[in-house]
Amino acid sequence: MKVSNRISQITAGGHDGWDVFYRARRMVSAGHTVTELTIGEHDTRTDISILRAMDHSARNGHTGYAMVPGTDQLRDMVAARTEAQTGVPTTRDNVLITPGGQSALFAAHMALCDPGDVGLYIDPYYATYPGTIRGVGAHARPVQAQAKHSFQPRAEDIEAAADGAVSLLINSPNNPTGVVYSHETLEAIAGACKRRDLWLISDEVYDTQVWEGEHISPRALSDMAERTLVVGSMSKSHAMTGSRCGWVIGPEEVIAHLINLATHTTYGVPGFIQDAACFALNAGPELEAGIAAPFRRRRALAMEILSKQNTITLVPAQGAMYLMLDIRATGLSGEDFANALLDNHAIAVMPGESFGRAAAGHIRVAMTVEDARFSQALQTLCDFAASQTKHSAAE
Ligand SMILES: Cc1ncc(COP(=O)(O)O)c(C=O)c1O
């Protein structure tokens, strides 16, 4: 029996760029010790105080159907947080609570793109982006942010790709590059959206992980709140990846449609999860800073190690839990480098090519193992890169 074209095209078939990741996982299952610097998951678990709040809520009966748009309390808290960040008046009617940021990304595209429309996204990109756009029946079209521009997207590249497009998906702080979009970049993106009449979908799930510069939501820019949907999540900010709690923030009319979508898809997010999210957001910036602290620390360790070599160039590591390393001086592709590093040193990193063509010749390192092991792995990686350079020079 045939399934729909729409669903079979989500992955578009072929090579998905995750071979190194799966190979590392198989090695671990077979009993090998592998340092996995691959996926974006904290090495700490959800804080016990948040789990207690979840437990308390569930035991007090918040286990039935919750309000589909989200509880009033959580929607109000997300709205207040956004208003404080952007200065744009925001109420619960601007907020839909979703089962995680991924579901919010899908819902946002569902609200904006008709089948056959083009949804733009910036390359390098988070792995699910093109599939999410294809999942709503739209064509996913990449716009390259180039290494030579420190992976900051440019208005002219967006506009050159905009024929037939209705939306543009951006992500800052960025996965995979670790770059935080500057005010100038965001103004340029906003200008391109206005000139080409595009919706902007701004994925801000790493907004609490900023090491350099400042996180600016495009919702804060002039005349952008009416054409922007912001995607947020508790996953990265509060180490609640498994709780599946995120949101979409946008104009009231769009949120009203998204509530209809939620009624016919997810039917909301469990009440005890939302109560735990309220507790976590209420705990304030110290809790968030504590969750971000290991990545801040490891970034500093990495910068120290990388400063003592000259084979690898670090892409400005301004935010999020990743480092993007330019390994083109070794003469290897990101994929060959990652495979050889896994084979020779049992260290798993993601090839840049897994995140699009713009990141070819790079590797992404997730800073998700404890400090001493992280430093040792990075030192080994640098030594390996240097040995490859000598090797290719001798050939
Ligand atoms: C850029 C980006 N957006 C969205 C997500 C989805 O996060 P979640 O669905 O856990 O909220 C991730 C997860 O890694 C991500 O890196």
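Reply: A polar contact here is a pair of N or O atoms within 3.5 Å, where, within protein, one atom must be able to donate a hydrogen and the other to accept it, and where residues adjacent in sequence count only if both atoms are side-chain atoms. In this predicted model, 20 residue pairs, both members at pLDDT 80 or more, are in polar contact between domain 1 and domain 2. On the domain 1 side that touches domain 2, helix H11 (285-306), strand E10 (322-326) and strand E13 (362-366) each supply at least two residues, and H11, with four residues, gives the largest share. Sorted by class, that side of domain 1 holds 16 nonpolar, 10 polar and eight charged residues.

As for the two parts themselves, the domain assignment gives domain 1 as 5-45 + 292-387 and domain 2 as 48-285, and their C-alpha centres lie 25 Å apart. Where they meet, 34 residues of domain 1 are in contact with 33 residues of domain 2, and the area buried between them is about 2,700 Å², with carbon and sulfur atoms giving 56% of it. Of the area that domain 1 buries against domain 2, Gln 318, Phe 355 and Ala 358 supply 23%, which is more than any other three residues.

The rule also finds one salt bridge across the interface of domain 1 and domain 2. In a salt bridge of this model, the side chains of Arg 299 and Glu 212 meet, with 2.8 Å from N to O.

How values were computed: Residues numbered from 1 in each chain as written. Predicted model: local features only at pLDDT ≥ 70, side-chain atom pairs only at ≥ 80, totals over all residues. Heavy atoms only, no water. Domains from an automatic or database assignment. Contact = heavy atoms within 4.5 Å. Buried area = accessible area lost by both parts, 1.4 Å probe. Salt bridge = Lys/Arg side-chain N within 4 Å of Asp/Glu carboxyl O. Nonpolar A, V, L, I, M, F, W, Y, C, P; charged D, E, K, R; others polar.
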